[in-house]
Amino acid sequence: ETDGFDIRVAYDLPTSGPSSYRVGLEGTFVMSYDIDDPQLGRIDGAGRRNFANFATSMPELRANAFFNWQRDAHLVDLFVRYIDSYVDDQVALGQGPEAFRKIGSQVTADVRYAYRFRGGEGPQLSIGVINLFDEDPPHVATNGGYDSKVHDPRGRVVYARASFDF
């Protein structure tokens with residue numbers, strides 16, 4: 001069982017020209033993530049990696065701030081993504097919660113430029129960068145060195161995309 005809330009707020013900035021601007025924030029806050037583990041009993045897994053039970057990692061807060069600019073067939077998007085810190089409950093046998101460690105928070109930025117042909121009605125070409133500043137995921141004592149259920153280890157990713165509507 002889980003409870004929490006999602007929020008999305010966006011605002012179109014007033015302009016006097018042909019450009020449009022939008023800023024916003026969206027996020028998810030997990031207040032509780034109750035797990036009924038057959039061996040450990042009831043656990044609140046919110047804010048934990050949940051290595052010691054069958055549940056998935058669950059940072060309490062994930063949020064994105066965004067900025068969009070559009071003028072005619074041109075579009076620019078900027079996203080700043082935040083993943084909150086959470087507790088690593090993987091400890092040696094016989095150790096308890098006093099040995100838990102903190103997995104740090106992470107902030108990344110993504111940017112995209114797109115152009116839509118035929119006056120904004122045709123195919124769209126995009127180029128972008130995910131994780132613009134090449135931020136490494138927070139270190140976790142695993143074989144890969146990161147929590148694969150939460151973070152992306154690829155670093156900076158540059159991409160191009162073509163979209164066609166039929």
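Buried residues make up 34% of the 166 residues in the protein chain; buried means under 20% relative accessible area, exposed over 50% and partly exposed in between, with a 1.4 Å probe and protein chains only. This is a predicted model: local features need pLDDT of at least 70, side-chain atom pairs count only at pLDDT 80 or more, and totals for chains, interfaces and linings use all residues. Residues are numbered from 1 along each chain as its sequence is written, and side-chain values use heavy atoms, with hydrogens and water left out.

The protein chain holds 1 helix and 10 strands. These are DSSP runs, numbered from the N terminus: helices are H or I with at least four residues, strands are E with at least two. In sequence order the pattern reads β-β-β-β-β-β-β-β-α-β-β. The C-alpha trace spans about 65 × 30 × 30 Å along its principal axes.

Now to one residue. Arg-112 sits in strand S8, residues 106-116. Arg-112 is buried, at 16% relative accessible area. Its side chain makes polar contacts with two others, tabulated here. A polar contact is a pair of N or O atoms within 3.5 Å; within protein, one must be able to donate a hydrogen and the other to accept it, and residues adjacent in sequence count only if both atoms are side-chain atoms.

| Side chain | Partner side chain and distance |
|---|---|
| Arg-112 | Asp-77, 2.5 Å |
| Arg-112 | Ser-126, 3.4 Å |

Leaving out residues up to four places away in sequence, Arg-112 also touches others, including Leu-75, Gln-124, Tyr-159 and Arg-161. Contact means heavy atoms within 4.5 Å.
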